[in-house]
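Student: I have a model open and want to learn how to read it. Can we go through a few features together?

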Amino acid sequence: MGSKPRVYPAPDYRYLESYWDTDEDAPGPRCGHTLTAVAATKTHGPRLILFGGATAIGGGNGGAAGIRLDGVTNCIHSYDVLTRKWTRLRPAGEPPSPRAAHAAAAVGTMVVFQGGIGPAGHSTDDLYVLDLTNDKFKWHRVVVQGQGPGPRYGHVMDLVAQRYLVTVSGNDGKRVLSDAWALDTAQKPYVWQRLNPEGDRPTARMYATGSARADGMFLLCGGRDASGTPLADAYGLLMHRNGLWEWTLAPGVSPSPRYQHAAVFVGNRLHVTGGVLRGGRAVEGDAAIAVLDTSYGVWLDRNGLVTSRGNKGHSDLDPSLEAMRRCRHAAASVGVRIYAYGGLKGDTLLDDLLVAENSQYQSDVTSPVSPSERPLMPSSPSINRNSLEKLAEASAAEAEVANAVWQSAQAASATPEEASLSDGNSQSVETISEGSDNEADVRLHSRAVVVAKEAVGNLGGMVRQLSLDQFENESRRMLPSHNDLSNPTKKFARQRSPQGLHKKIISTLLRPRNWKPPVNRKFFLDSYEVGELCYAAEQIFMHEPTVLQLKAPVKVFGDLHGQFGDLMRLFDEYGFPSTAGDITYIDYLFLGDYVDRGQHSLETITLLLALKIEYPDNVHLIRGNHEAADINALFGFRIECIERMGENDGIWAWTRFNQLFNYLPLAALIEKKIICMHGGIGRSINSVEQIEKLERPITMDAGSIVLMDLLWSDPTENDSVEGLRPNARGPGLVTFGPDRVTEFCKRNKLQLIIRAHECVMDGFERFAQGQLITLFSATNYCGTANNAGAILVVGRGLVIVPKLIHPLPPPLQSPETSPERVMEETWMQELNIQRPPTPTRGRPQPDLDRSSLAYI
């Protein structure tokens, strides 16, 4: 079978017929406007928002056509992607002044407008927000403190990393600009910050394009410099984890210089159309439609790779190229489709809507490449090359999820249901009908993202991508080492939670890059604060259903078992739940077993509870088998509470935690297609409704066989072992075969089960021909397994990307005999001697007494 090509040419554009009820609903001819894609809401599908622009032209200098400012408008139109219908909107509130050559960006289900030029001259630099979250559309003017970019036109703006509103370049009426500004949309009061990026800075320009890739890279393309010369270069603006920004020059040969063009990202591919050269002459021939593929650092036209610059003609009259002989138009993307509206062709204003589709096989989705093959952006000599390579690789890997989402969301019908482009800043709901054939199918990505094992040297911390077939240890599950007992928990009087306690915990513990274990292992909370924390979290869990209903995208975490350092590493490498991280556009789901075995169960559970209180709609916790008093009394949590908090406070805190555990939800459904649980379906669970009927608070002894199976059962050894078999964990427990998985998924109209509960060597393991995935997030379990840890990133299109970390080797320079190190190792060694974990699959099993604690 032949391999697919590595890169794909630029697409064809065609005219798209659209509809409207009255003449006022039709946008009409215009140029210098903006077109912005807005995510679906509860009542509307994805929309394109068209604002402003010039609706008339007049004679310019020398008879050349130019924008007549008295034809500039501030009317706003909405295009429904699903119905192809235009509607004029009349939002409440004070609208922006009429303007053209302004900038716009989507922030969730809102659109932000800034700058431009109108009949009265330059528009102010105020930010105007059009809120489309509900049916009561309204204008708002954002109050920004301090100095801002100032009035300008011909500039660019977009939302970077789902958080930072970045505006670049333009003309302030006196000169062409090269500055860059950023506004943190998650931080009030709002303040513009003038950036001083490192690296190769772009020259001053206006009428360029700027578009942000889904993973956070802002790309500035083309434009016109102060002398009127059109530019052909492109620059990427990246923010490092330390908060510093950097410009890098994009590689590749652009088909043509241009300005007053349009550009928008679909996945890793920047689609560029139209534009003009010096003197207002249109970009013609193959150069009129181009793509910059940032996965490979190459420019493409419709014939393929561009190797030399030149305005190449086309032998035949090509409708697609002819349609894109225009300037001052606007473009936006929804799913894999690129839409373009209006513009200027010669001295004629246009009112047409064009559409193209990104290549069926996106290079950044179906043909992921190794880090050495990804020349995303060359690094500047002033910045460490290793750090830039790591950032580029992480960015490209993150973008693959979004790219695959968009590709899978394309429908086959003539009027497909497009995927929404919601970022997490709004609580929008995708318009997907249950049971539709157009729904995206669950799919495991062909590559996993891996942090290299090496902790030192040039490869330290490098993010890689590996094909799934390279995971040789995927079938090597760790066998369990625990059993179930029963012991009722104590009841406590509920007290009101003091304001700010959870924020104190987050500020103390959520330090992905620089968290260090406390000196002498003393825990920083007292028992009173633990009680207040548990009460506040308990109030949230009490009002949640037993089976959570979640929307993608979601990051899913497996067993943590008190290995807080691994949790911080996963947060550091793949994003963390904070407004400074990625909580605004992706949810977090943890599958239980937060305590026991590891050295920092207290840090793990308290941070997760604090995050639940801070982000109750975005952070989700379900119960594991170790969230039970009879289990965590034996496997470390009770001992840790006593040793680190004192006997009286420790026992009280341990008991209060276990009272809280009885309220935890027991499973989660993602888009009604993926069910997530801790253990499995065992012998008794045949429907999701059986889990939903379990009433909380619930103890292990009150949950009958359904709760036992849900928290304790495992898949059989491999796909060849079907049916139900005894479980090595202990009497009364079972393993279930692939036939049970297939039957359960079919009966409940599910496509995948994600569960935790078992240590697997690669951090994740497929079962039942991919219908079940076991996930384990703690590395080197119990200090002996040497396994990797993993999370699963479920994208909006239900494409799942595994992301791994490997165990860290012992530190090379830290003192081996420091008091805190000796104390931690002694505590762990004593626990493992009393209750040793079962060896890795394939290794000799110890001959243990079935009734001993070591066996359990």
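Student: Does Lys-345 count as buried, partly exposed or exposed, and at what relative accessibility?

Tutor: Lys-345 counts as partly exposed, at 26% relative accessibility. Buried means under 20% relative accessible area, exposed over 50%, and partly exposed in between, with a 1.4 Å probe and protein chains only. Before going on, note that this is a predicted model: local features need pLDDT of at least 70, side-chain atom pairs count only at pLDDT 80 or more, and totals for chains, interfaces and linings use all residues. Residues are numbered from 1 along each chain as its sequence is written, and side-chain values use heavy atoms, with hydrogens and water left out.

Student: Which side chain meets that of Lys-345 in a salt bridge?

Tutor: Side chains of opposite charge can pair when their charged atoms come close. Here the partner is Glu-322, at 3.2 Å from N to O. A salt bridge is a side-chain nitrogen of Lys or Arg within 4 Å of a carboxyl oxygen of Asp or Glu. Glu-322 lies in helix 1 and Lys-345 in strand 31, so the pair ties together parts 23 residues apart in sequence. Helices (H or I, at least four residues) and strands (E, at least two) are DSSP runs, numbered from the N terminus. Glu-322 is partly exposed, at 29%. Glu-284, Glu-322, Arg-325 and Lys-345 are linked in a network of salt bridges.

Student: How many salt bridges does a search of the whole structure find?

Tutor: The search finds 30. One of them joins Asp-179 to Arg-152, with the closest N and O atoms 2.8 Å apart. Asp-179 is in strand 18, and Arg-152 in the loop between strands 15 and 16. Asp-179 counts as buried at 10% relative accessibility. Arg-152 counts as buried at 1%.

Student: Which residues of helix 4 are buried?

Tutor: An α-helix has 3.6 residues a turn, so residues three or four places apart point the same way. In helix 4 (501–509), the buried residues are Leu-501, His-502, Ile-505, Ile-506 and Leu-509. Seen down the helix axis, they fall within an arc of 140 degrees, so they line one face. That arc is taken from the directions from the helix axis to the C-beta atoms.

Student: Where does Lys-504 find its salt-bridge partner?

Tutor: Lys-504 pairs with Glu-529, the closest N and O atoms being 2.9 Å apart. This links helix 4 to helix 5, across 25 residues. Lys-504 is partly exposed at 32%, whereas Glu-529 is buried at 16%.
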